[in-house]
Amino acid sequence: MILNIDDVSVSYGEVSALRGVSLGVEEGSIVSVIGPNGAGKSTLANTVTGFRPYGGSVTYDGTEVSSVDASDLVANGLIHCTEDRDLFGYMSVEDNLELGAYRHGDGEADRLEYVYDVFPTLEERKDQNARTMSGGEQQMLAIGRALMGDPELLILDEPTLGLAPVILEDISDAIEEIREDGVTVLLCEQNVTFAMNHADHIYLLENGRIEKDGTPDDLRGDDYIRDAYLGG
Ligand code: ATP
């Protein structure tokens with residue numbers, strides 16, 4: 001397991017956001033955490049990348065994430081594409097991408113070529129200010145910047161939020177390309193159909209607890225998932 005989460009609990013003061021969450025991510029796989037607003041998906045992503053204190057254990061590549069600096073996790077290939085995208089709006093697309101190249105000194109040009117291959121739109125728009133890009137293009141840029149960091153485990157938090165179907169296809173294609181390149185992905189998603197199209201294994205998070213898990217086929221056959229998440 002490249003990522004192992006064991007009995008993890010996280011609170012914000014009185015609010016319990018994760019309650020005894022356990023899950024594992026095999027190297028080379030896509031694992032998705034699905035669940036409604038407020039279920040705790042972003043908290044889980046932030047915990048894995050070292051930004052929340054937690055009870056229990058979270059190991060990345062065998063190292064307890066709380067025992068190292070977040071920057072060391074990044075240097076070891078744990079890259080987080082946050083829900084907020086965190087772009088620099090007044091900088092160009094290419095400058096935003098270059099900021100993601102913290103793991104590469106000399107290989108930056110190759111990395112840029114790779115990202116432009118995954119998202120040709122970004123190359124067409126490379127001189128445009130990030131804030132003037134559409135929501136979908138900004139999402140591509142956020143994922144592209146994460147790819148600049150040469151991830152081994154890429155955490156994508158709600159990459160499809162608010163995106164039009166045509167852009168979803170581009171993001172879908174990109175995720176499959178990323179998988180083919182051997183990157184492991186933890187996909188936090190509210191769009192259950194999208195998650196099912198990509199994930200090898202899915203965990204349902206509700207109110208900070210894992211309520212179910214299985215392959216997409218297992219969950220498609222589950223009455224509760226069908227009624228609550230797939231429109232019956
Ligand atoms: P969404 O998709 O809407 O972002 P989520 O599944 O990612 O939802 P979280 O953002 O992790 O869920 O939130 C889990 C719970 O923790 C919610 O009840 C939320 O209100 C609470 N929470 C999240 N961040 C904070 C914070 N900084 N301070 C207090 N409570 C928080």
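Predicted model: local features only at pLDDT ≥ 70, side-chain atom pairs only at ≥ 80, totals over all residues.
Helix α1, which spans residues 41–48, contributes the most to the shell around the ligand, giving three residues.

**Exercise 1. Describe the shell around the ligand: how many residues surround the ligand, and which are the closest?**

Step 1. The shell consists of 13 residues, and the closest are G38, G40, K41, S42 and T43.

Step 2. Sorted by class, the shell holds four nonpolar, six polar and three charged residues.

**Exercise 2. Find polar contacts to oxygen atoms of the ligand, and separate backbone from side-chain partners.**

Step 1. The cut-off for a polar contact is a pair of N or O atoms within 3.5 Å.

Step 2. On the backbone side, a polar backbone atom of A39 is 3.1 Å from an oxygen atom of the ligand, and a backbone N or O atom of S42 lies 2.7 Å from a ligand oxygen atom.

Step 3. On the side-chain side, E83 places a polar side-chain atom 3.2 Å from an oxygen atom of the ligand.

Step 4. As for cover, the ligand has 620 Å² of accessible area on its own, and the protein covers 61% of it.

**Exercise 3. Work out the six-stranded sheet: what is the strand order, and which strands stand at the edges?**

Step 1. The six strands form an open sheet with mixed pairing, in the order β6-β7-β8-β3-β9-β10.

Step 2. The edges are taken by β6 (78–81) and β10 (209–214); each has a single partner strand, so one side of each is left without a neighbour in the sheet.

Step 3. From one strand to the next, the twist averages 15 degrees.

Step 4. Within this sheet, β7 (residues 153–157) and β8 (residues 184–189) pair in the parallel sense over five bridges, and L153 stands opposite T184 in β8.

**Exercise 4. Work out the four-stranded sheet: which strands pair on one side only, and how many bridges join β1 to β4?**

Step 1. This open sheet has antiparallel pairing and the order β2-β1-β4-β5.

Step 2. The strands that pair on one side only are the edge strands, β2 (15–25) and β5 (63–64).

Step 3. Strand β1 (residues 3–12) pairs with β2 in the antiparallel sense over seven bridges; L3 has V25 in β2 as its bridge partner, while Y12 stands opposite V15 in β2.

Step 4. The hairpin formed by β1 and β2 has two residues between the strands, and G13 in the turn has a positive phi of about 55 degrees.

Step 5. Strands β1 and β4 run antiparallel and are joined by five bridges, with S9 standing opposite G55 in β4.

Technical notes
Residues numbered from 1 in each chain as written. Heavy atoms only, no water. Near = heavy atom within 4 Å. Polar contact = N/O pair within 3.5 Å; in protein donor to acceptor, adjacent residues only side chain to side chain. Areas by Shrake-Rupley, 256 points an atom, 1.4 Å probe, with all protein chains shown as cover. Nonpolar A, V, L, I, M, F, W, Y, C, P; charged D, E, K, R; others polar. Pairing = 2+ DSSP bridges. Axes fitted to C-alpha atoms, helices over the stretch in contact; angles between N-to-C directions.
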